[in-house]
Amino acid sequence: MSVAELDTVGRAASPLSGFRIAVTSERRSAELIEALQRRGAQVQHAPTLRMAPLVEDAELLEQTRLVLGLQPEFVLVSTAYGFRRWFETADAAGLGDELTQVLHDASIHVRGPKALGAVRALGFEADGMSSDELTSTLVSEVSPKVAGKTVVLQQHGIGDDPAAQALADAGASEVIRISPYRWGPPEDADRMTHLLRALCSGAIDAVTFTSAPAVRALLAAAEEQGCYTELLEALQFRVCCVTVGPVTAAPLREVGIEPLVPERHRMGAMIRILVEHLSDSGSISCQTVLGSCELRGDTVLLGGDDRELSAIQLKLFKAILSARGRVVPRARLVSLLPDGSSDHALDMALSRLRRALPDPQLISTVVKRGYRINV
C-alpha cells in the first residue's frame, strides 16, 4: 500500500482529523472530548456554566419535606440527573423511605427517555412521557388532569418559570418546584474568553452544546465582552453548531442560528451527526497541477503530506481554494485580514501561507489582480 493510500485509510479511521471542535459542557465533558479526539478532532474545552448543587442541600431538603407533607398527585420529572440527585439527597437525610412511598402513590410523568430510565432504575413506573421531550409539551399534556391537584415539578435548574406558571394556570392547587442543582458561572472565566475569540476569529470549525443554559451563557458572555454581533455572524455562517436535542437548540434558533440536531437526543447521536456533516460539507477539495488538494478544518492535505494552518492562513487559503482556479481579488483577501491591514500586510501573509503549505506552488499570483489555486 502506498503512502497516499495509507494516508487515506488513516483519514477514514479519523473522520474528524483536521477539524477543531469546541466543547461547552462541564458534566460528561470528558466522555465527549475523548470521543471527539478518538475520531481525530482537536478539542478546545471551555465550560460556559458550572453545575452547582444547592448549598448544603438545605433548600432541597426543605422542598422535599414539603412534598412529603402535601402528598402530591402528580410528579413531573425533567432530567435523569436531577431525579437521581433528589433521591440520593433525600436518602442521605433519612427521608428516602418516605419519599419512595409518596412517589409510588403519585402519577409520574417524564420529559424524555433518559428521565424515564432514571425513574425505572429507582423502582418506579411512569404514566406518561412527553411526545417530543420538551418540558412545555409535558406540561400541556398533563395540564388537563391537574385541576385541584398538587403537582411536583422537578426543574432543570434554570427556573422553569413558564412551566410552573402553566401548571398553576391549569388549576393546580399547589406547584412544588424541586431544584436538585443550579447553574453557576464557570470556574475559569478566561477559558470562556478564549473560546469567544476562537469562535469569532474562525479558529473553530464546530461547537457542541448539551444544555440550553450553556447556550444562553455563551451568548450572555458575548454581550458582556462586546462581541455579540461577531459571535452571531460566526455561528450563523462559519461555525457548525450541534446540539444534543431540541431543548438545547431552542435558544440558538431564537437568535437565527439553525444547529444540527440528531433524531435521537443522545450524545452518541450528536457525535454521529457532526461526523457526517463535517465529512460531507466540512472539507473543500480541488484537483491541482500538483494533485488533489483537500482542506479539512485547519489541515491542508496534498498527496501524502499534511500541514496545519494558522487562523489567518486558513482564512486566506480557504478563500483561494474555494474559488477552484478562479482569481480571488486582492481586495477580497485584504478584507479577511485584521482591520486596517494594508496591501503590504497581504503580501507578507501570502508569503507565510505559501511557506506553510505542502508545496508553495499551490498558489499562483495573477499580476495586478490577485491569487488563484494552481489548477
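Hi everyone, let's start with the open sheet: three strands in the order β16-β18-β17, with antiparallel pairing. Its edge strands, each pairing on one side only, are β16 (328–329) and β17 (363–366). Strands pair here if DSSP finds at least two bridges between them, and the elements I name are DSSP runs, numbered from the N terminus: helices are H or I with at least four residues, strands are E with at least two.

A word on where this comes from: it is a predicted model, so local features need pLDDT of at least 70 and side-chain atom pairs count only at pLDDT 80 or more, while totals for chains, interfaces and linings use all residues. Residues are numbered from 1 along each chain as its sequence is written, and side-chain values use heavy atoms, with hydrogens and water left out.

Back to the sheet. β16 and β18 are joined in the antiparallel sense over two bridges, and P329 stands opposite G370 in β18. Helix α14 packs on the sheet and touches β16, β17 and β18, its direction making about 70° with that of β18. Helix α16 also packs there, touching β17 and β18, at about 150° to the direction of β17. Contact means heavy atoms within 4.5 Å. Axes are lines fitted to C-alpha atoms, for helices over the stretch in contact, and angles run from 0 to 180 degrees between N-to-C directions.

Now the hairpin. β14 and strand β15 (residues 305–308) run antiparallel and are joined by four bridges. L302 has D305 in β15 as its bridge partner. Two residues lie between the strands of this hairpin, and G303 takes a positive phi near 65°.

Which residues have the most contacts inside the largest nonpolar core? They are L316, F317 and L333, in a core of 29 residues. Such a core is a set of buried Ala, Val, Leu, Ile, Met, Phe, Trp, Tyr and Cys residues joined through side-chain atoms within 4.5 Å. Buried means under 20% relative accessible area, exposed over 50%, and partly exposed in between, with a 1.4 Å probe and protein chains only. The elements giving two or more residues include β12 (283–288), β13 (291–296) and α15 (330–334), and the largest share, six residues, comes from α14. Leaving out residues up to four places away in sequence, F317 touches C293, L295, V300, L309, L353, L357, L362, I363 and I373. There is also a second, separate core of 26 residues, with V77, F87, A90 and L103 among them.

On to helix pairs. Helix α3 (residues 58–70) and helix α4 (residues 80–92) have axes that come within 10 Å and cross at roughly 85°. They are therefore roughly perpendicular, the label for 65 to 115 degrees; under 35 is roughly parallel, over 145 roughly antiparallel, and the rest oblique. L60, L61, T64 and V67 in α3 meet R85, W86, T89 and A90 in α4.

For α4 and helix α6 (residues 113–121), the axes come within 8 Å and cross at roughly 25°, which makes this pair roughly parallel. A80, F83 and R84 of α4 make the contact with K114, A115, A118 and V119 of α6.

Last stop: E98, in helix α5 (residues 96–105). Buried or exposed, or partly exposed? E98 counts as partly exposed, because its relative accessibility is 45%. Its C-alpha atom is 27 Å from that of M51, 47 residues apart along the chain. Thanks, everyone!
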